[in-house]
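Please read it alongside the sequence and the coordinates.

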Amino acid sequence: MRYQPISSQLFTDRRNSFARRMKRNTMAIFYSNEVMVKTADQMHSFRQNSSLFALSGLDQPGSILVLFPDAKQANRKEMAFILPQDPEHTIWNGDRMTPTLASDISGIRSVYASDQWDKIITPLVKMVKGIYTNTSDKVETQERSLCLNDHMHHLLRKGYPSLSFFDAKPILQDLRMIKHPLEIDLIRKAIEITSAAFDNVLRTIKPGQKEFEVEAELTYIITKHGGQHAFEPIVASGSSACILHYIRNDRPMGENDLVLIDFGAAYANMSSDMTRTIPVSGVFTKRQRQIYKSVQIILEEITSLMRPGITPKQLNEATGELIDRELINLKIITTRELNRQDPASPLRRKYFMHGVSHHMGYDVHDPSDRLAPLKSGMVLTCEPGLYIPEENIGIRLENDILITRGKPINLMADVPIDPDEIEAMMK
């Protein structure tokens, strides 16, 4: 593995929490992701299903987790199934996980080869009243299944029509919104790698480079430290920074350009998410610094509001008011224009068109209830921005914030963000 072993206590705690929320005399079945074909005989890099990993730590294709808390036999209350050893597979691809290793990683004592599935599970299914499955959101409306969890959901419903089927996502969402202390440690590690990668860019970027050269510097440091990109990195210079999901990263960077860098390392499948906007030349122009400071002020003010009890909707409303204020200060709109705007189509939407925050964890956009108030233990981003295509300027600043009973904790407090500090490091 690229990452250090994780205490199995994390996965045991998560399974126990899920089991406590299950209906009586039911079973939950979670399948791993499949290895996806890239082209010909080449495959995409494997990335485990986030929910299965969160509950077991089993980072291998062909893994299945079964929870049956009301089972009469202790060795049937939780089980894992993994692919059996295969000499041919070992020659070409290396060893598969052994049952002993899978047990050590997950904390599950009952680990079997997947060719034992029918023998073990078939009699158990006859004892339950219902099954929890972890399907994608649109499983019932898709003509064909999108993933193995969807496919097996359909097969189970067809094979056991008398059983009730329950969606595991509400329980999973509830669990994943509040981070386990060990998960917070993994996020901190991912952020350490992200910080190192950004530091490398500050010291190597120069006018005339292509955006993908910056991407290469990020990738080098992330890979060197045992991480992977949590999502496709955005390296957007000049007018490209006004394109929210710009991932082409192929534009030459001019001396007077700003470059918006939105990326994050993932460590042990746990994500980070950071955005910084820096001057390619190493020095902000007066106007660039003016707009940058407006975004920085909004970031700081919204971060201070991220306490238990406030909702994402309220954060967005507060952000809108601050955006309006700063747009007037920057002389982009006037107070008169603001007072005469159509409330259904605010002027600020031209310059700030996305939400200011989202939950993050095993997925960079973690499952969440967007209407639920923030609670201690949640981790969310804070990412205001101003996008001014008329000036070829797009600036977004983003940190990862841990919600506590007291003040919010900026997990990226050590990553340079002040313009003076950024200029000093780039020199």
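## Salt bridges

The structure holds 20 salt bridges, a salt bridge being a side-chain nitrogen of Lys or Arg within 4 Å of a carboxyl oxygen of Asp or Glu. The model is a predicted one, in which local features need pLDDT of at least 70 and side-chain atom pairs count only at pLDDT 80 or more, whereas totals for chains, interfaces and linings use all residues. Residues are numbered from 1 along each chain as its sequence is written, and side-chain values use heavy atoms, with hydrogens and water left out.

One of the salt bridges joins Arg176 to Asp366, with 2.6 Å between the closest N and O atoms. This pair links distant parts of the chain, since Arg176 belongs to helix H7 (residues 169–177) and Asp366 to the loop between helix H12 (335–339) and strand S15 (379–382), 190 residues apart; helices (H or I, at least four residues) and strands (E, at least two) are DSSP runs, numbered from the N terminus. Arg176 counts as buried because its relative accessibility is 6%, and Asp366 is likewise buried, with a relative accessible area of 5%. Here buried means under 20% relative accessible area, exposed over 50%, and partly exposed in between (1.4 Å probe, protein chains only).

## Further salt bridges and a network

Glu391 and Arg287 also meet through their side chains in a salt bridge, at 3.0 Å from N to O. Again the pair links distant parts of the chain, with Glu391 in the loop between strand S16 (385–388) and strand S17 (393–396) and Arg287 in helix H10 (residues 286–305), 104 residues apart. Glu391, at 30% relative accessibility, counts as partly exposed, and Arg287, at 24%, counts as partly exposed too. Salt bridges that share partners join Arg176, Lys179, Asp363 and Asp366 into one network.

Another salt bridge is formed by Asp250 and Arg248, whose closest N and O atoms are 3.4 Å apart. Asp250 is partly exposed, with a relative accessible area of 32%, whereas Arg248 is exposed, its relative accessible area being 64%.

## Aromatic pairs

A pair of aromatic rings is described by the distance of the centres and the angle of the planes. Rings of Phe, Tyr and Trp (its six-membered ring) pair if their centres lie within 6.5 Å, and planes under 30 degrees apart count as stacked, over 60 as edge-to-face and the rest as tilted. A search of the whole structure finds 11 aromatic pairs. Among them is the edge-to-face pair of Tyr3 and Tyr267, with 6.2 Å from centre to centre and 70° between the planes. The pair links distant parts of the chain, as Tyr3 sits in the segment before helix H1 (8–21) and Tyr267 in strand S12 (residues 265–267), 264 residues apart. Tyr3 and Tyr267 are both buried.

Phe18 and Phe30 form an edge-to-face pair as well, at 5.3 Å centre to centre and 80° between the planes. Phe18 lies in helix H1 and Phe30 in strand S1 (residues 26–31), so this pair ties together parts that are 12 residues apart in sequence. Both Phe18 and Phe30 are buried. Ring pairs also link Tyr3, Phe11, Phe53, Tyr267 and Tyr362 into a cluster. Over the face of Tyr267 lies Lys189, at 5.8 Å from the ring centre, where a charge sits over a ring if NZ of Lys or CZ of Arg is within 6 Å of the ring centre and within 35 degrees of the ring normal.

## Exposed residues

Lys129 is placed in the loop between helix H5 (117–125) and strand S7 (130–133), and at 59% relative accessibility Lys129 counts as exposed. Leaving aside neighbours within four places in sequence, Lys129 is in contact (heavy atoms within 4.5 Å) with Asn25, Leu163 and Ser164. The C-alpha atoms of Lys129 and Ser164 are separated by 6.4 Å, although the two residues are 35 residues apart along the chain.

Lys407, in the loop between strand S18 (399–402) and strand S19 (409–410), is exposed with a relative accessible area of 64%. Lys407 and Gln228 are 179 residues apart in sequence and, C-alpha to C-alpha, 31 Å apart in space.
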